[in-house]
Amino acid sequence: MKKVITWLKNIRPVKILTVFLAATFLLMTQACNRGIAQQPPQPNAQPPNVERYDPTKTYDLNTPEGGMNNFSDVDPRAKAAERAANARAEELAKNARRNVEQKGIDSSEQYVRNYREGTPLDERVKRLGEDVGSSTEELGKGVTKGTQRGVENLQKNTERAAKDLSKNVRRSTEDTTTNLQRQAEDTADAVKRTMREVDLD
């Protein structure tokens with residue numbers, strides 16, 4: 001009770017007046033400030049980037065094609081990709097025709113006829129045999145190189161496995177010796193404690 005009385009004696013009217021004026025000023029500035037308050041959003045308001053439906057206009061719709069809901073069952077992007085592929089194939093065909101015509105040949109039939117009549121059959125067979133022989137040699141070289149690499153890899157893997165095995169054995173023996181030493185020390189400490197307890201009794 002004495003503390004409350006001394007506290008009331010220490011309060012000066014100037015302090016009370018200062019707190020009252022500060023609170024009044026704060027309430028008046030909050031109540032009279034119109035710039036901060038905003039209108040709450042309307043629940044039926046439409047976002048600004050959405051276009052409203054206008055019944056007087058005609059909109060482009062997909063043409064009915066007989067699929068589900070009377071429209072196509074195929075994704076429109078697939079049709080666009082098919083059109084692009086067809087256009088690319090057409091362009092490649094035109095490019096091939098231009099290349100044939102630029103070689104000084106009147107038509108593609110003449111190109112085929114010149115090929116058939118140009119090189120004798122025995123020379124074509126000889127070239128084909130040389131190509132097959134060189135391909136066989138390359139294949140044999142590739143197989144021998146692959147076999148050598150496989151043997152080298154096998155040797156390296158065997159050496160690594162032996163090293164890892166010796167490391168693991170060394171580690172396990174070290175772990176065993178350290179564990180035995182710890183157990184011996186713990187046993188010695190337990191015996192010492194027991195002896196001390198017996199001596200104290």
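Analyst: Happy to! Helices here are DSSP runs of H or I with at least four residues, numbered from the N terminus. In the chain, confidence is highest in helix 2 (residues 13-32), at a mean of 84, and lowest in helix 4 (residues 108-118), at 61. The chain averages a pLDDT of 76, and 70% of the residues score at least 70.

This is a predicted model, in which local features need pLDDT of at least 70 and side-chain atom pairs count only at pLDDT 80 or more, while totals for chains, interfaces and linings use all residues. Residues are numbered from 1 along each chain as its sequence is written, and side-chain values use heavy atoms, leaving out hydrogens and water.

Now to your salt bridge (a side-chain nitrogen of Lys or Arg within 4 Å of a carboxyl oxygen of Asp or Glu). A search of the whole structure finds one. It joins the side chains of arginine 88 and glutamate 91, at 3.6 Å from N to O. Both residues lie in helix 3 (residues 76-102), three residues apart, or about one turn of the helix. Arginine 88 has a relative accessible area of 46%, so arginine 88 counts as partly exposed. Glutamate 91 is partly exposed too, at 46%.

Notes. pLDDT is the predictor's confidence in each residue, from 0 to 100. Helices (H or I, at least four residues) and strands (E, at least two) are DSSP runs, numbered from the N terminus. Buried means under 20% relative accessible area, exposed over 50%, partly exposed in between (1.4 Å probe, protein chains only).
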